[in-house]
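Here is my note on the model, point by point. Please read it with the structure open.

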Amino acid sequence: MTRTSDASAERPLIDGAGGGDATSGQRRLTSADLAISTAHQAALRSIARVVDETAEPQDAGRAAAGLADQLRGGRVLVITGAGVSTDSGIPDYRGPNGSLKRHRPMTYQEFRHDPAARHRYWARSFIGWRHMGQAGPNRGHELLAEFERRGWISGIVTQNVDGLHAAAGSQRVIPLHGDLSVVRCLNCGNTEARPHLDARLAEANPGYVERIDLDPEAVNPDGDVTLAQHHVDAFVMVGCLVCSSVELKPDVVYFGENVPAERKREVAALEADSSSLLVVGSSLAVMSGYKIVLDAVRAGQPVGIINGGPSRADAKATWRWRTRVTPALEDLFARLA
Ligand SMILES: [Zn+2]
């Protein structure tokens, strides 16, 4: 077992409440600890952000006609969020039945500095990945791939980490927050395909999956599930293939972590090839996605939104269609095809 039985000594780093008295006694916070704590607290605020109504509702028929015109113009950059994948059975964080109400995702700081939290993640994710692994593209993903083939859209920036746009045949896709199918070692940087790691985990944990009676509702958008502590304790983690470190992390951008610079450059290149922006299935609560709207507005480009609830960009949008994503894309396809 690689699990650290008592992670409480790590808690002051994370909670940053001003001392380790309750746990490790004499330990004093260093400036590095405080930086970690500050970043963690900022990540928690980002997770907890609630997107309120900021604009008057728009007539659905008018919005749909406007969005169809936008697509007719071509070179539309599409940014997608969880609302595109809910029809594939992957739950949303912030939707009406959003998993944030039950479960808060880990921050990067916890992943990096709290071994017990990381161990819990891998135990839960070992189960949850089996659920994500079964998810396939839905009609919404297929339609967006078709929009690209017809030259209506220039490409997709997705905030989802499920790989479903590529699976549906979209060619130019930038996974802004990475992809769950790759795992990276935080110690040496080695990467491993998730199915490969999963096979090693399965070998180290015979019978583990069968012992767990999983409620599908307990699966979270990042492929995580809610798991009883005794199951977490029984899970055996495996190490990096190169350096044996158990500091392995899905190659996705966590709350409290930045989008890699190279990916930002890819987004900038796609923006340069686009003349308008369409937000699909996202409240844009996270800044890295919202920034793309701000870029489009700054460039004087029209912004369209198709989303089931309020989005942070509503007040900046030319067209806002408050509706379910897949039927809306189907409707737009029918208007243009
Ligand atoms: Zn390594």
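1. A definition to begin with: helices are DSSP runs of H or I with at least four residues, and they are numbered from the N terminus. On that basis, His230 sits in helix 10, residues 229-234. Keep in mind that this is a predicted model.

2. Overall make-up. The chain has 13 helices and nine strands. Of its 337 residues, 41% are buried. Among contacts with a separation of 6 or more, 74% join residues 24 or more positions apart.

3. The annotated binding site. An unreviewed UniProt entry gives "binding site" for Cys185, Cys188, His230 and Cys243. Such annotations may be inferred rather than shown by experiment. His230 counts as exposed because it has 7 C-beta neighbours inside 10 Å. Cys243 is placed in the loop between helix 10 and strand 6 (248-252). Cys243 has 12 C-beta neighbours inside 10 Å, so Cys243 also counts as exposed; the cut-off for exposed is 12 or fewer. Which residues does Cys243 touch, not counting those up to four places away in sequence? They are Cys185, Asn187 and Cys188. Cys185 and Cys188 are themselves in the UniProt "binding site" list.

4. The annotated active site. UniProt lists His177 under "active site", again in an unreviewed entry. His177 lies in the loop between strand 3 (173-175) and strand 4 (178-185). Is His177 buried or exposed? His177 is buried, because 22 other C-beta atoms lie within 10 Å. Leaving aside neighbours within four places in sequence, His177 is in contact with Gln159, Val161, Val252 and Val253.

5. A helix pair. Two packed helices are described by the angle between their axes and the distance between the axes. For helix 7 (residues 139-149) and helix 13 (residues 325-336), the axes come within 9 Å and cross at roughly 35°. The crossing is left-handed. Helix 7 contributes Arg139, Gly140, Leu143, Leu144 and Glu146 to the contact, and helix 13 contributes Val325, Thr326, Leu329, Glu330 and Phe333. By class, the contact has five nonpolar, two polar and three charged residues.

6. Asp331. This residue is also in helix 13. Asp331 counts as partly exposed because it has 17 C-beta neighbours inside 10 Å. Asp331 and Ala68 are 263 residues apart in sequence, yet their C-alpha atoms are 9.1 Å apart in space.

7. Nonpolar cores. The largest core has 44 residues. Val78, Leu277, Val279 and Val293 touch the most other members. Leaving aside neighbours within four places in sequence, Leu277 is in contact with residues including Leu77, Ile79, Ile292 and Val293. A second, separate core has 24 residues, among them Tyr108, Trp122, Trp129 and Cys185.

8. Backbone points to check. Arg75 is not a glycine, but has a positive phi of about 55°. Arg75 is in the loop between helix 3 (60-72) and strand 1 (76-80). With 16 C-beta neighbours inside 10 Å, Arg75 counts as partly exposed. Leu284 also has a positive phi of about 55° without being a glycine. Leu284 is in the loop between strand 7 (276-280) and helix 12 (287-298). Leu284 counts as buried, because 26 C-beta neighbours lie inside 10 Å.

Key:
Residues numbered from 1 in each chain as written. Predicted model: local features only at pLDDT ≥ 70, side-chain atom pairs only at ≥ 80, totals over all residues. Helix = DSSP H or I, 4+ residues; strand = E, 2+ residues; numbered from the N terminus. Buried ≥ 20, exposed ≤ 12 C-beta atoms within 10 Å, placed from the backbone. Contact = placed C-beta atoms within 7 Å. Axes fitted to C-alpha atoms, helices over the stretch in contact; angles between N-to-C directions. Left-handed = near helix turned anticlockwise from the far one by under 90°. Nonpolar A, V, L, I, M, F, W, Y, C, P; charged D, E, K, R; others polar. Core = buried A, V, L, I, M, F, W, Y, C linked by C-beta atoms within 7 Å.
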